[in-house]
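Hi there,

Here is the structure I promised to pass on. Have a look at it first, and my notes follow below.

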Amino acid sequence: MSEVPVLLLSGVSKRFGAVQALSDASLQVRAGEVVALVGDNGAGKSTMIKTIAGVDPADSGEIRFQDRPVSITKPHDATALGIATIYQDLALCDNLDVVSNLYLGKEMTQATVLNEIAMERSATELLTTLSVQIPSIRVPVASLSGGQRQSVAIARSLLGEPKVVLLDEPTAALGVAQTAQVLDLIERLRDRGLGIVLISHNLADVRAVADRVTVLRLGRNAGDFVMADTTQEEIVHAITGAADNVASRRQARQSAVDLERAKREGP
Amino acid sequence: MTTTTGGPPPAGPATVQKRAPAPLAGTTERLRSGELGAWPVIIGLIIIWIVFQSLNDRFLTPQNLSNLALQMAAAGTISVGVVLVLLLGEIDLSVGSVAGLGAAILAVLSVRHGVNEILAVVTVLVAGAVIGSVHGFIFASVGVPAFVVTLAGNLGWLGLQLYLLFPQGTINIPYDGFVAKLTHTNLPAAVGWLIAALVVGAYAVAVLVDGVLRQRAGLPARSMTASLLRIVGLAIVIGAAVAVLNDWQGVPLALVIFVGLVVVMDLVLRRTRYGRQIYAVGGNVEAARRAGVNVRLVRISVFALASTFAAFGGILFASRSFSASQATGGGDTLLIAIAAAVIGGVSLFGGRGSTYGALLGSLVLGSITSGMFLLQLESSVRYMITAAVLLAAVVLDSLSRRGRRAHGRQ
């Protein structure tokens, strides 16, 4: 893990009319690191991703990419820098097969004719190196499972050789096994030295793959934790902003019950 | 597994659901997931032919099949354009009027103003492209639904057609001109066979070279038997068609033009970046846009192509009847062109189907018309039977779409 962050946001603010979506927020990602961006609904997670992706540029603040100040005002700027974004709603064409989806918009051609063989070969290579299991890469994406589709969407973003990958709720609609599939893939991306920003509501997923957790609350930074030395309670406190709230009371109750049970069943 | 009920769930590497890669995940997989392809319409066509042949043994005679081939060329050409628009998931309701207008422009230019016929044809095609671009622009840039834009076009271009043909109403075109020859020429037998040989040869080379290249690239390739089977299959179909048509007056030029357009547009759709973009926009507009496809340009160009094909269809109508009249492109022309595409397996929901759908659908509708004519049934019956076939095709489309969804959520 390198010391200089590959992507660094500082003092980023964004206002939508009367709503201050982000105020003085910051985020940093190093190469080979998974940073989970968590927070309650409306905390500004998606706004921050959109700021980085160039979909909704920030009003103020600084973005540094590979230690250089950069300006990202449109999606193309982000892609050109090497920032790939995978949105919640997948953005795959159901009617096209896996190869066509992977190369959509950047098809390989040979004298204006599509070079299907070259595309299929490198698609196979890419999916193999990512250990993505797909029955056949020539079936329409519609016939794949949710996890497989998400894997294709992630693999697709890697064709541009990005340095940073932003994932917006990649496991939101997936079952247990499919979630595991996607989390494995995220770990493989990390092992390839990419910086990964993962938005997730699911703290179990966050625990499973994240190295660091950045918490947003009401558009401000509410904590930055190293996963290994942090308990789930601390993260929940940061998200909700208080030690005494519905979520933590519930967790305390649960712990008390567990303790009771442990005493009863204990040796 | 641990059995803790509270606290953080177990972290660490999760297990991947392993799926055995199926080596022959080809046709069967597609069929199971609701990708029916052209099979339903081919089977339907065979049934229709068997039924009509059993009711009237003149149905499958070379003469009747020749007429059928000639009859479907004009509406089929319009249908090719409709296929392109349907692939976007849109509809063009103006193709009938644009065909009529095309015929009117052709007749006015060449007969009334004495313009060279070839030049007049080119002008009509350009006019078609301009008309379609206007539809496409209003749809893609202004954001009016294509349904409404082309409905307005349907009325407007019909008005212009009537205006141009005023006061005669019908303009006859010369019997021996270039335009008339388009649908009144039959190729000599030898030329028919030559074309058949060239097409089959080109297909064979393409299939075999593709197989070798795939094998060299280490990709799963079609087996030699499967390749040969396809080549022989095509050779039999084309050979039979040429043999039958030669048995009457030879292969009609109009049929060669129509099938040629179908094949060329299919290659454009499947083998070029532009074609891939059309499918992508039809499948998921947002995904296409995010992938960098110029959605607006694709939409405008497809509507331009559709109207150009419609205008050319109008030329073929004029050629066949030696005249452009107020009725050219009217009546059921629009509905038949759309119905042919849908019956041919082109999905109304966009992104699925090919231009071969226009060919197969035209064959089905042409066969029904021709069979009804032989049985001396009223067109009332023909309409009802056509409606039933169309409905069956749309129901199949909807069902297979549902099948795909269910399959996708396995």
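Let me start with a residue in chain A. A:Thr85 is buried, since 23 other C-beta atoms lie within 10 Å of its own. Please keep in mind throughout that this is a predicted model. A:Thr85 belongs to strand E6 of chain A, which covers residues 83–86. Apart from neighbours within four places in sequence, A:Thr85 is in contact with A:Ile49, A:Ala53, A:Ala78 and A:Leu166. The C-alpha atoms of A:Thr85 and A:Val197 are 9.4 Å apart, although 112 residues separate the two in sequence.

Next comes strand E3 of chain A, residues 33–39, where seven of seven residues are buried. E3(A) runs parallel to strand E10 of chain A (residues 195–199), and five bridges join them. One bridge there pairs A:Leu37 with A:Ile199 in E10(A). E3(A) also pairs in the parallel sense with strand E11 of chain A (residues 212–217), again over five bridges. In that pairing, A:Arg212 in E11(A) is the bridge partner of A:Val35.

Chain A also has an open sheet of four strands in the order E2-E1-E4-E5, with antiparallel pairing. Which strands stand at its edges? They are E2 (19–29) and E5 (68–70) of chain A; each has a single partner strand, so one side of each is left without a neighbour in the sheet. On average, neighbouring strands of this sheet are turned by 30 degrees against each other, direction ignored. Within it, E1 (residues 7–16) and E4 (residues 60–65) of chain A pair in the antiparallel sense over five bridges, and A:Ser13 stands opposite A:Ser60 in E4(A). Helix H1 of chain A (residues 45–53) packs on the sheet and touches E1 and E2 of chain A. The direction of H1 makes about 65 degrees with that of E2(A).

H2 (residues 39–55) and H15 (residues 356–374) of chain B pack at an angle of about 15 degrees, with their axes 10 Å apart. H2(B) and H15(B) are therefore roughly parallel to each other, and H2(B) passes H15(B) in a left-handed crossing. Residues of H2(B) that meet H15(B) include B:Leu45, B:Ile48, B:Trp49 and B:Phe52, and on the H15(B) side they include B:Leu360, B:Val364 and B:Ile368. By class, this contact has ten nonpolar, four polar and no charged residues.

- The peptide bond from B:Phe166 to B:Pro167 is cis, with omega near 5 degrees. B:Pro167 sits in the loop between helix H6 (146–165) and strand E1 (170–172) of chain B.
- A:Gln66 has a positive phi of about 50 degrees although it is not a glycine. A:Gln66 lies in the loop between E4 and E5 of chain A, and is partly exposed, with 16 other C-beta atoms within 10 Å.
- B:Gln376, also a residue other than glycine, has a positive phi near 55 degrees. B:Gln376 is found in the loop between H15 and helix H16 (379–408) of chain B, and is exposed, with 7 other C-beta atoms within 10 Å.

Best wishes

Technical notes
Residues are numbered from 1 along each chain as its sequence is written. Chains are lettered from A and ligands numbered from 1 in the order in which they are written. This is a predicted model: local features need pLDDT of at least 70, side-chain atom pairs count only at pLDDT 80 or more; totals for chains, interfaces and linings use all residues. Axes are lines fitted to C-alpha atoms, for helices over the stretch in contact, and angles run from 0 to 180 degrees between N-to-C directions. Helices (H or I, at least four residues) and strands (E, at least two) are DSSP runs, numbered from the N terminus. Angles under 35 degrees count as roughly parallel, over 145 as roughly antiparallel, 65 to 115 as roughly perpendicular and the rest as oblique. A crossing is left-handed if the near helix is turned anticlockwise from the far one by less than a right angle, and right-handed if clockwise. Two residues are in contact if their C-beta atoms, placed from the backbone, lie within 7 Å. Ala, Val, Leu, Ile, Met, Phe, Trp, Tyr, Cys and Pro count as nonpolar, Asp, Glu, Lys and Arg as charged, and the others, Gly among them, as polar. Two strands pair if DSSP finds at least two bridges between them. A residue is buried if 20 or more other C-beta atoms lie within 10 Å of its own, exposed if 12 or fewer, and partly exposed in between; C-beta atoms are placed from the backbone.
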